[in-house]
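Please read the points below with the sequence and the model open beside you. They are meant as a colleague's notes, taken one site at a time.

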Amino acid sequence: MRPFFYLLTLIRFFSIMKKGGKSEVFVHQLQQLFENNLRWAQRIKQNDPEFFSRLSRQQNPEYLWIGCSDSRVPSTQIVDLLPGEIFVHRNIANVVVHTDLNCLSVIQYAVERLKVKHIIICGHYGCGGIRAALENRSHGLIDNWLRHIKDIYRCHQDKIDALPDETARQNLLCELNVIEQVANVCHTTIVQNAWNAGMDLTVHGWIYSIDDGILKDLKVAVRQLDDISVTHRLK
Ligand SMILES: [Zn+2]
């Protein structure tokens, strides 16, 4: 049944290509990405002929970046680093949930295998996820994910609601979300085990401004067990 389905899809694809129309434009746009890729790879090789052969042997990043999926916040570009220098996990509104096996697996691999020295939680102002979490409108499935941010809003509601305008309220929740996620990373068994084993590992909280491309350190870095709440400390 399956080969037949693939054959049917192929026939449909080529018949659309033959007729022209919307799908052809779509394919053309993707072709553009491959052309971009070729130019990009050539540019890198011109500057450093050994770059890709070196990178293909191993990756040795010093940083784990946990950021928002927002297309305007690409990790490597905004800190002007090359592929291979940052291990990355992204999701909507840069949330670290203690039952999210995807995120936890990334943290574990980064800490235990790659032995990164820094975990950076990077939020951004103007985050759609944060804005949605402040509303009461339903957005479908994503409402369940945004619940984690609503919980942070609930904990700081007096402070947030006291602000005079919507942008200020959103900006504060963007920052508070980063701070909360720094704590969530520190509370994982992975990070605590690393500290207990004497590993040099710091968890940072940063925020990025889409308006001017500037990063700000929220100065909430944590680098040892003694810096986290006693309630979450594991021995
Ligand atoms: Zn965002």
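1. The zinc ion has as its protein donors C68 (SG), H124 (NE2) and C127 (SG), which lie 2.1 to 2.3 Å from the ion, and along the chain these donors follow the spacing C-x55-H-x2-C. Donors here are N, O and S atoms within 2.8 Å of the metal (3.2 Å for Na, K and Ca), and water is not among the atoms, so sites may look incomplete.

2. This is a predicted model, in which local features need pLDDT of at least 70 and side-chain atom pairs count only at pLDDT 80 or more, while totals for chains, interfaces and linings use all residues. Residues are numbered from 1 along each chain as its sequence is written, and side-chain values use heavy atoms, with hydrogens and water left out.

3. Buried means under 20% relative accessible area, exposed over 50%, and partly exposed in between (1.4 Å probe, protein chains only).

4. Q59 is partly exposed, with a relative accessible area of 34%. Leaving aside residues up to four places away in sequence, Q59 touches F87, Y109 and L114, where contact means heavy atoms within 4.5 Å. Although Q59 and F87 are 28 residues apart in sequence, their C-alpha atoms are 8.9 Å apart in space.
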